[in-house]
Amino acid sequence: MKQKQTKFRVFFAAIFAALIAGCSSTPSGPEQEGAPVESRGGTPGSGVAGVATVTAGGVDSRGLPAVLTDAKSILSKRSVYFDYDSFEVKAEYKDLVTAHAKFLADNRQFKMLIQGNTDERGSREYNLALGQKRADAIKKMLALLGAREEQLESVSLGEEKPKNEGQNEAAWAENRRGDMLYTGEF
Amino acid sequence: MLRPLLNLCGLSLIAFGLLALLQTPARAELTIEITGAGANRIPLAIADFGGEPGLSRAITSVVRGDLERSGLFKMIDSGGAALTEASAPIYGDWKARGADALAAGSISASGDGRQEARFRLFDVNKQGVLAGSAFVTSTPMLRAAGHRIADAIYEKLIGEPGVFSTRIAYVVRGGAGRYELQIADADGQNAQAALISREPIISPTWSPDGSRLAYVSFENKKPVIFVHSLATGRRVVVANFKGSNSAPAWSPDGNKLAVVLSKDGGSQIFTVNADGSGVRRLTTSSGISTEPCFSPDGQFLYFTSDQGGSPQIYRIGVNGNDTQRVTFDGTYNVTPRISPDGRSMAFISRRDGSFRLAAMDLSSKQVQILTDSHKDESPSFAPNGRMILIATEMGGRGVLSAVSVDGRVKQRLSVSAGDVREPAWGPFARQAK
């Protein structure tokens with residue numbers, strides 16, 4: 001299965017002839033690693049106005065222990081929802097965040113990516129910054145409850161990856177969210 | 001194995017390009033409709049260009065289309081009059097049709113397999129020649145020659161450079177999990193994908209020389225800033241620090257970018273060289289500082305911050321001092337973009353729950369709301385400062401709209417299948433003489 005996937009990826013790359021280099025699946029360090037990654041792709045000089053097409057690569061996914069995926073385990077729940085214009089982790093998510101912090105404390109080899117999200121209203125870049133505030137709030141709580149700083153990375157997807165594409169309060173409430181992803185899921 | 005495939009792709013692309021151009025009208029990727037026009041439009045007649053019928057028809061339609069879409073001209077029907085740049089127009093006839101200005105031209109083989117496009121612009125009232133030029137062109141560049149003629153006519157009659165030869169960048173979302181960063185001519189033609197990704201792409205912005213785009217890509221499941229050379233497809237990661245990397249803005253000299261990084265906690269503005277080296281922190285506000293934009297003189301950065309409780313626009317010196325608040329009306333003013341002459345600022349303001357394009361005169365601080373839409377985003381100025389390109393929503397779909405700085409002229413640009421968003425108007429083309 002894995003091999004098949006790999007083959008498919010190579011095939012995909014050949015077709016578009018332009019995979020970018022350096023699609024790391026672990027969070028980058030506190031500073032950029034080494035020299036900036038350069039990648040080449042496309043067909044130089046093709047087309048009238050001289051625009052070469054590049055196809056962006058993806059990220060590999062790996063198997064996770066059942067305790068993180070089993071629906072009966074609290075650790076299979078990964079989302080924290082926020083009120084409008086709020087960055088506060090509500091009391092109802094305390095147990096969930098505590099369970100993840102404990103898992104991370106007990107399993108130092110695991111890393112977590114926390115993705116903050118917002119609803120679609122307003123500027124994309126400002127929303128990206130708002131989503132960062134939500135991810136940071138979750139990260140801070142995880143760190144206070146025992147996870148180590150180097151296990152955690154908080155990032156924002158802003159309004160770009162809505163769970164619900166509707167344009168109403170119920171949809172927006174679903175999108176004001178922080179998601180906790182483990183190594184292999186991002 | 002890859003190399004022959006690449007070459008094959010290149011050849012077929014060129015062949016396809018030639019084919020597409022020989023067929024007139026060319027397939028429209030983006031369609032542009034005018035939804036508002038200027039108050040005092042100049043009555044202008046453009047006679048059918050002379051020369052080989054297919055080529056001359058194509059170039060005439062490019063020139064007419066460009067000038068008509070600008071909203072600044074009232075196009076006078078030329079009634080199929082046969083006239084070239086070499087003819088002596090019968091001014092009385094054109095005056096009777098209501099034209100103040102008349103353009104005529106031709107396209108002819110220049111002997112080396114290329115074509116020469118010539119035009120002349122006449123002042124109907126003063127009965128004299130206003131301008132004239134010749135452009136050597138090849139069949140695939142025929143539209144480009146038409147845009148240059150339209151630019152010359154525009155500049156002579158309006159008194160500022162035309163932007164018909166410029167390009168725009170924008171992102172098309174074609175269904176879930178398909179994002180394309182496209183580059184098209186300012187008339188929406190010749191759209192080509194610079195980047196295809198399964199994850200979102202936002203905030204494209206042109207380098208001052210028009211050769212590169214900086215943007216934010218989520219292909220690594222987090223926002224990372226790339227600089228992408230359009231001709232080669234070469235990409236450089238400019239910022240991929242721990243946390244989020246976003247909101248790139250070029251310095252006017254093209255050497256640096258202002259970026260927003262969360263690596264030190266919060267979202268703060270830094271500057272970085274275009275190759276990713278030399279990262280320096282600029283803002284140290286509490287809360288959010290984002291959406292930086294350099295003033296054209298390179299001395300200041302305008303940005304959005306919530307340090308006063310609600311998102312407002314501020315200005316800071318490039319050496320990190322002298323922070324001033326710029327917007328005061330309302331509780332949501334974001335995405336500052338400074339006009340090429342440095343005199344006005346386009347931004348998005350929330351009014352009565354709707355997000356609308358606004359412009360501020362930076363000396364008088366006077367604000368004018370330019371649209372009555374609900375979801376305006378991502379303004380960018382045309383390089384001559386006349387129009388502002390924005391993303392907005394119509395019938396639940398993302399469309400682009402160009403609005404003149406006085407709010408009178410409005411154009412809508414839409415793609416038949418998909419959401420269009422995140423527009424960026426490119427700089428003036430560098431023209432080889």
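Biologist: In what order do the elements of chain A run from the N terminus on?

Modeller: Starting at the N terminus, they run α-β-β-α-β-α-β-α-β-α-β, where helices (H or I, at least four residues) and strands (E, at least two) are DSSP runs numbered from the N terminus. That gives 5 helices and 6 strands in chain A. Please keep in mind that this is a predicted model, in which local features need pLDDT of at least 70, side-chain atom pairs count only at pLDDT 80 or more, and totals for chains, interfaces and linings use all residues. Residues are numbered from 1 along each chain as its sequence is written, chains are lettered from A and ligands numbered from 1 in the order in which they are written, and side-chain values use heavy atoms, with hydrogens and water left out.

Biologist: And how many of the residues in chain A count as buried?

Modeller: Of its 186 residues, 50% count as buried, a word that here stands for under 20% relative accessible area, computed with a 1.4 Å probe on protein chains only.

Biologist: Changing topic, what pLDDT does chain B average?

Modeller: Chain B averages 90, and 92% of its residues score at least 70; pLDDT is the predictor's confidence in each residue, from 0 to 100. Over residues 1-28 of chain B, however, the pLDDT is below 50. Where pLDDT is low, the predicted coordinates should not be read in detail.

Biologist: What ipTM does the predictor give the complex?

Modeller: The ipTM is 0.89, and the pTM given with it is 0.86.

Biologist: How many cavities of 30 Å³ or more turn up?

Modeller: A search of the whole structure finds 2. On a 1 Å grid over the protein atoms alone, a cavity is a set of points where a 1.4 Å probe fits but cannot get out, and lining residues have an atom within 4 Å of a point. The largest cavity has a volume of about 240 Å³, a volume being the space filled by probe spheres set on the points, which are joined across faces, edges and corners.

Biologist: Which residues are closest to the centre of that largest one?

Modeller: Among its 19 lining residues, those are Ser70(B), Val163(B), Phe164(B), Gln411(B) and Trp425(B).

Biologist: What about the second largest cavity, which element gives the most to its lining?

Modeller: That is α4(A), with 3 residues. The space in this second largest cavity is about 50 Å³, and its lining includes Leu128(A), Ala129(A) and Gln132(A) as well as Ser244(B) and Val260(B).

Conventions
Contact means heavy atoms within 4.5 Å. On a 1 Å grid over the protein atoms alone, a cavity is a set of points where a 1.4 Å probe fits but cannot get out, and a pocket is an open set with protein on both sides within 12 Å along at least five of seven lines; lining residues have an atom within 4 Å of a point.
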